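I opened the notebook to look up a few local features, some loops and some helix pairs. My entries follow the model below.

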Amino acid sequence: MKTNTIAAIATAMSNSGIGIVRISGEEAFQIIDKIYRSKKGDKCLSKVLSHTVHYGYICDGDKVIDEVMVLILKSPNTYTREDTVEIDCHGGSLVMRRILETVIKYGARPAEPGEFTKRAFLNGRIDLSQAESVIDVINAKNNFSLESSILQLQGSLKNKIKEIRGKIIHEIAFIESALDDPEHISMDGYHEKLMGTIVGLVSELEALIASSENGELLKEGINTVIVGKPNAGKSSLMNLLTGKERAIVTDIAGTTRDILEEQVNLDGITLNVIDTAGIRDAWDAVEKIGVDKAKEYLRKADLVLYVIDSSTDLDENDEKILKLLFEKKVIVLLNKSDLEKATTEEMVFSYFEKEGMDYPVLSVSMKEGTGVKEIEDKIKEMFFTGEIILNDEILITNVRQKSFLQAALDSLNMVKQSIEDEMPEDFYSIDLVSACEELGNITGECASEDFVNEIFSKFCMGK
Amino acid sequence: MPYLSEEYDICVVGAGHAGCEAALACARLGLQTIMFTVSVESIALMPCNPNIGGSSKGHLVREIDALGGQMGINIDKTFIQSKMLNVSKGPAVHSLRAQADKSEYSRHMRQTLENTDCLTIRQAEVTELLVEDGTVKGVKTFSGASYHSKAVILCTGTYLKSRCLYGDVINYTGPGGLQAANYLSESLKENGIELLRFKTGTPARIDKRSVDFSKMEEQKGDETVVSFSFTTDPKDVQIDQVSCWLTYTNQNTHEIIRENLDRSPLYSGMIEGTGPRYCPSIEDKVVKFSDKERHQVFIEPEGLYTNEMYIGGMSSSLPEDVQYKMYQSVAGLEHVKIVRNAYAIEYDCIDPRQLYPTLEFKSIKGLFSGGQFNGSSGYEEAAAQGLVAGINAAMFLKGREPLVLDRSTSYIGVLIDDLVTKENREPYRMMTSRAEYRLLLRQDNADLRLSKIGYEIGLISKERYDWIVEKERLVQKEVDRVNHVSLGANAAVQKLLEEHCSTPLKTGTTLAELIRRPELSYDDLAEIDKERPELPYDVREQVNINIKYDGYIKRQLKQVKEFKKLENKKLPENFDYSQVKSLRIEAKQKLNLYQPVNVGQASRISGVSPADISVLLVYLEQMYRKK
């Protein structure tokens, strides 16, 4: 059911320090009461004074999720001017995600992109001079979440959700046609048939939710993009990091034309390693697509691994790459340390310096496998010092989508309940419509016209 | 040459179901009103099916009645059969439908109009709209006479440049051979109004003496008839009813149709207009649903004093000779004689997104419109819009707040919001699935929802208003009481439960919990409810529904609360959205074109995304604070 109490992770997804999950809205205190346990187990946070801090645990039923400090902030002296709860928890992305999911399970909904800021403004908290930036935040975040929620959603998953949604629409259309034209369309024996369909859909949705718990909706992690000129050793690096012979490694320049993506776990830090086609003036149309894609991925990268072949000279293609690295976190890897050097570390440093860039440079040999540990250590160091941060929007998107799936599942279970309670048929469509709307949030489809179209195209109405 | 020239407050163009309600509302609110019709005989004509009501349309009639309109009263006086549809389903979809005696319906409405003060009926074809500086000034008729007024309500139905078609025959007339209005369209276009062309159709009328009813199933009315109007005495509607008859098409019928499809103007491309998907011609049904072995056909009387009968389910535009073959292939119609051919009709109407939710044109002050002219279909949809257009023309003249019913208040609100907001490529029909809060918008509580509004407008009497206030009080008091009555598992309770095949109690419970059981109702439990007060039927009905569906009702009320937030955020008139920097281009274009009245309406325009709405909210707040 739709609620107006929103929740989100308020801190960046780095593994350092503390994370904050924030709840805002009318039901904020009600929700925290359901999931907070004080040490003695007797404290009720909706009754405490405003602007006070409370030590305790966040629990989902009997299961303790984390040890936390909870800040209670009563309206209107809060950022959004609504009742607000801040849960200070351990900074791990998994913990924060579990807490956010628990908050949602007990009645909040995931905040829309930029929604806290929007509320702060609409409720008079932020002054007029900041209005433009509020709009920018909404737009920027929205563009991202649109891209990640609709475009990046894996094809098969999206099709699955569309298929489930289509089946629900079909049932709604049948019920509605029968209600609109009871003399032409009979509902005899429909209960059993619908029950069968719903049971099937419920198990399909349960399977989807289970798979979402393994992070299969969208890949979470630090987007780590490997770039470099053709044949610099990018694919070899990919293979070394993932421990798989996956990318095609040949001595012919320009062999990696598709983008290859793998998840790598470095002592609890998840990397989405993306191997790209070598960047150079592409003659081949197919290769050109690969290069364009590489540029696109660079734009979204949290970390760039720039591979340079030390046995060749720096040239105009390196300059092209350099331009793409502006304002990015980069580690430069000087590959082929086993061969004779045409480009040295000093040359690379000064090359970057004249562009005003300062990146760590590591000498490695992919062929001999030397330097891999140094790369890993460097990444870990950058993560724990907070220099690189996780792209938290993806995680948020995952939580949101999971909450839509869960809400759709809840609605279908209500339909089941209504059938068991022998409610009249028109009550089924109330929850079927909700289920359909929740799934539409994921696939970006709007429901109302869909029903009408389905009714007219599938069922013959009278007159 | 001198021409006639008269002054009125309001001109109503057309005397169909929309025109009648509009004219009555204006006149009853004390405004000098003139209503034009091409033929006085055609006032409140029912050119298609002989029914009022039906699923969701019955709701509209109840709402019209609750606001002080005439349709419900008129059908209660002239029906010849009545049925409550969907009684086995939930209360939200119960819907009343009556067979009308068509000529009585028309005669009775005419009598009401003729005896209403401040109302003039005039037989004349309106050919020109008089507009000065974006404000309407009156109308001109074919004879050259001008009628000056401060407001005009267009309810031209299917008459604008209409033509009727079957086979290769085209009659340039309105429905049933009545005179078309061939000039007004040009004048509307000259005044910047964009026109669309829509199409609809009707089946043949046949001679009762040529029908073999022994081959059909009889369809009787309800034993106890419920009235449409909240003002009708229930005793007055317990009449002797007439039957309808059910038969079916067969493979032979379908074969005849398929063989002659190329002779249908629809398939040959002669018809340009867009037809409705919800009332397909029999040709459409056979083509689109080719797997169906038969289609239902309802034979319905057109009145008590005529032998003409309506063939429900078989509208067509096939040629005359094919119509004969096709109808005669149906069981019971082997020797049927056609009185009037089936035909398709094409006519000019508007894209109603040119209107505000008040049904006033955005571009011409004082010009209102209602009914099929606005791209809808159906008598009830027309009457509902006619009433709202009439009320708002009157409010405009009196300088009072207009009547805008939102989607959470009524089917009328859903109907008008859909029309003025959404793209509509076919004649719009009301359906219960279009009402997202339908559990709250029941036909049984239309009076509770709307009659206070009708009273404020001035169309509902003080007496009716007082009863609504009292009814509300009684319902609330009884609901509260029932929620607090505890029952033990005693012998009397168990016996009553057993009688109703309901599981016996293990422990004590409340009366409300028992009412929620599907097999029980408030009335069933009277015996074991010692403190129960004496209450009229309509109060008991509300108590039962409110308790039984309490959980669902509360959920919908919560949704309505959310919905109202955006609905209450007004947008400025004639606003230039291109200056709102961060809106997407498509949103800017759509918003500029349709100028929604509030943020809620903006959010329902296709092409306006949730992010655009966020941007709009921030922008509005910014504008508001700058002031």
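**Loops and backbone**

I looked up Asn86(B) and found it buried, because its relative accessibility is 6%. Buried means under 20% relative accessible area, exposed over 50%, and partly exposed in between, with a 1.4 Å probe and protein chains only. Asn86(B) sits in the loop between strand E5 (79-85) and strand E6 (95-100) of chain B. Its phi is near 65°, a positive value in a residue other than glycine. Helices (H or I, at least four residues) and strands (E, at least two) are DSSP runs, numbered from the N terminus.

I note that this is a predicted model: local features need pLDDT of at least 70, side-chain atom pairs count only at pLDDT 80 or more, and totals for chains, interfaces and linings use all residues. Residues are numbered from 1 along each chain as its sequence is written, chains are lettered from A and ligands numbered from 1 in the order in which they are written, and side-chain values use heavy atoms, with hydrogens and water left out.

Next I checked Glu422(A). It also is not a glycine, and its phi is positive at about 60°. I found Glu422(A) in the loop between helix H12 (392-420) and helix H13 (425-443) of chain A. Glu422(A) counts as exposed because its relative accessibility is 58%.

I then looked at Pro76(A). A cis peptide bond joins it to Ser75(A), with omega about 5°. The loop holding Pro76(A) runs between strand E5 (63-73) and strand E6 (84-90) of chain A.

Where is Gln32(B)? I found it in the loop between helix H1 (17-28) and strand E3 (33-37) of chain B. Gln32(B) counts as partly exposed, at 38% relative accessibility. Leaving out residues up to four places away in sequence, Gln32(B) touches Tyr8(B), Asp9(B), Ile10(B) and Cys118(B). Contact means heavy atoms within 4.5 Å.

**Helix pairs**

I took the pair within chain B first. The axes of H6 (residues 251-259) and H9 (residues 320-328) of chain B come within 8 Å and cross at roughly 165°. H6(B) is therefore roughly antiparallel to H9(B). Axes are lines fitted to C-alpha atoms, for helices over the stretch in contact, and angles run from 0 to 180 degrees between N-to-C directions. Angles under 35 degrees count as roughly parallel, over 145 as roughly antiparallel, 65 to 115 as roughly perpendicular and the rest as oblique.

Which residues of H6(B) and H9(B) make the contact? I listed Thr253(B), Ile256(B) and Ile257(B) from H6(B), and Val322(B), Lys325(B) and Met326(B) from H9(B).

The second pair joins the two chains. H3 (residues 115-122) of chain A packs with H20 (residues 610-626) of chain B at about 25°, with the axes 10 Å apart. H3(A) and H20(B) are therefore roughly parallel. H3(A) brings Lys118(A), Phe121(A) and Leu122(A) to the contact, and H20(B) brings Ser614(B), Leu617(B), Val618(B), Glu621(B), Gln622(B) and Arg625(B).

**Chain totals**

I counted 14 helices and 13 strands for chain A. Of its 463 residues, 54% are buried. Among chain A contacts between residues at least 6 apart in sequence, 69% join residues at least 24 apart.
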